[in-house]
Amino acid sequence: MRNIKSEIAAILAEKVEGLSVAEIEGFIEIPVDKNNGDYAFPCFRLAKLLRKAPPLIAADIAEGIRGSELFAKVENVNAYVNMFIDKEALARITIGAVVAEKDRFGRSNTGGGKTVIVEFSSPNIAKPFHIGHIRSTVIGNSIYKLYDFIGYNVVRINHLGDYGTQFGKMITAYRHWGSKEDVEREPIKTLLGYYVRFHKEAEADPALDDEARETFTKLEHGAQEETELWQWFRSESLKEFSRVYGMLGIEFDSYAGESFYSNKMPAVLQELKDDGLLIESQGAQIVDLEPYGLGAALITKSDGSSLYITRDIAAAIYRKQTYDFHKNIYVVASQQNLHFQQWFKILELMGKTWAKDCVHVPFGLVSLEDGTMSTREGRVVFLEDVLNKAVEKTAEIILEKGVNTDNVEETARAVGIGAVMFQELSNGRIKDYTFSWDKVLNFDGETGPYVQYTHARAASVLRNAQFDPASFDPASMDLAAACGESAYELVKLLYRFPEVVLDAAGKYEPSVVTRHIVDIAQAFNKFYHDEHIIVPDETEKNAKLMLTYAAKQVIANGLGLLGIKAPEKM
Ligand code: ARG
């Protein structure tokens, strides 16, 4: 799409000597008070250069640029040139771009094909995929889509928690109380039961903890029986995870989890040793990060077993070698802030100059209405149950409301699952929130169903009018009717969509997109209520339908970036 700010800079550059187009563009402001125009150019900086008072310079420039078709009005007020964009010009640029680019509207090649890794979801094997994991999964998926949209080559990695001392516990528990049939019938819930029982019984009988530790050491050394059990837990868990990813429409390029790095650990330890970073402490090995206010990082335990942090270091080194990433992004809960600070610092101390390209994107905690979740105590809400319940409840609402759809089941899935995803992406990611059924499935207000419904409403207007945008040319058609008060508010929001996408990606903050499409949906609904779209006057009707088409397309593009479907009927 044509970029108005850059075009203004080019227009100004012809009248301003001594400054480059880029410099001028940097000085252009967007006034808070709309009485000062849509764009303003301050002339203070030119005074010295031109040896003239700023207000005189502003007057000269204003006079010089008045003729451009981009402007409805140009004023000079004190040292400022205030520019008012011609509404129809903006409508033409915006609608023209949406019609031409369709589902690519908002795309750019900002990334120039550079590789970005987004690591997200990363649940733990043999443990429930619970509501706490949805945040990383849904936010990470959207960050992937954003970076893909702006021209990066994105690799999606699921760093499965498929290794570590908890598997010693799991195997021990299974050996004491397990039943193969139970596990096969209902793997994760059964395994969770063993895990909960282990922690209860280990409180009274610490010998169980010793047994679990020994079992894990055996696993680390490749003992056959332990390895087979572990592999079985892993494949049963993956089956469940895949089901959930399928429901969410999420895929990964790699499932290289923690276990993948177990044979890469010795090299890392050697490197740390060669760099003089490892310190022996009561049989364990640590890196002292006290000088950086980050405490001590435990690298191997006294029994020699490797740790979570060591696997993260090995994984980052492997990823740099394998993908030569421009950025390596981790979408992981803010509870792990210290963990990431520690090992990013260790990479830096190892002389990895690319440590600065590793980014932790944290997010806040999900809690239940009656307290926080705890896997150990078995207090969890399974993600799959949440999604199924959302679909079920949505189907009820659809039938009750007599929603217009050809396929209740399909619409209920798109809307119910979309509602859960949308709510995850509605607030700034760092905010903690409490999971509540009432909120997730509230179909009024700033929710997924509201935005999807708006999309379907626009689709229905276009359908009823049998409107085909291809039969019109936005470059030459009369768009005055897309410039009425509420119509023009909508045009302005649509124009900003590509900027919003870049902003969201730069901040790793999908909620920027979420909020923007809520704004667009609200603006479209206002336009729909304020104006009659299907009017006898053909010129007016076509301009309004064109705007409706553009609004529908941009809402769909925004929902797509969140990983949410945009139903045609609802
Ligand atoms: N498996 C971990 C958990 O569920 C998250 C892994 C985060 N990623 C990482 N590279 N450390 O808590």
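This is a predicted model: local features need pLDDT of at least 70, side-chain atom pairs count only at pLDDT 80 or more; totals for chains, interfaces and linings use all residues.
Residues are numbered from 1 along each chain as its sequence is written, and side-chain values use heavy atoms, with hydrogens and water left out.

**Ligand site.** I looked up which residues surround the ligand (a heavy atom within 4 Å) and found Glu119, Ser122, Asn124, His133, His159, Tyr308, Asp312, Tyr330, Val332, Gln336 and Phe340. For polar contacts (here, N or O atom pairs within 3.5 Å), I noted a ligand nitrogen 2.8 Å from a side-chain N or O atom of Glu119, and polar side-chain atoms of Tyr308 and Asp312 each 2.7 Å from a ligand nitrogen. The ligand taken alone exposes 350 Å², of which the protein buries 87% (Shrake-Rupley method, 1.4 Å probe).

**Salt bridges.** I found 34 salt bridges in the structure, each a side-chain nitrogen of Lys or Arg within 4 Å of a carboxyl oxygen of Asp or Glu. Lys544 pairs with Glu531 at 2.8 Å, N to O; the pair links distant parts of the chain, with Lys544 in helix α21 (residues 538-562) and Glu531 in the loop between α20 and α21, 13 residues apart. Lys544 also meets Glu540 at 2.7 Å, and these two are about one helical turn apart because they lie 4 residues apart in helix α21. I recorded Lys544 as buried at 2% relative accessibility and Glu540 as partly exposed at 28% (buried is under 20%, exposed over 50%, partly exposed in between; 1.4 Å probe, protein chains only).

Key:
A polar contact is a pair of N or O atoms within 3.5 Å; within protein, one must be able to donate a hydrogen and the other to accept it, and residues adjacent in sequence count only if both atoms are side-chain atoms.
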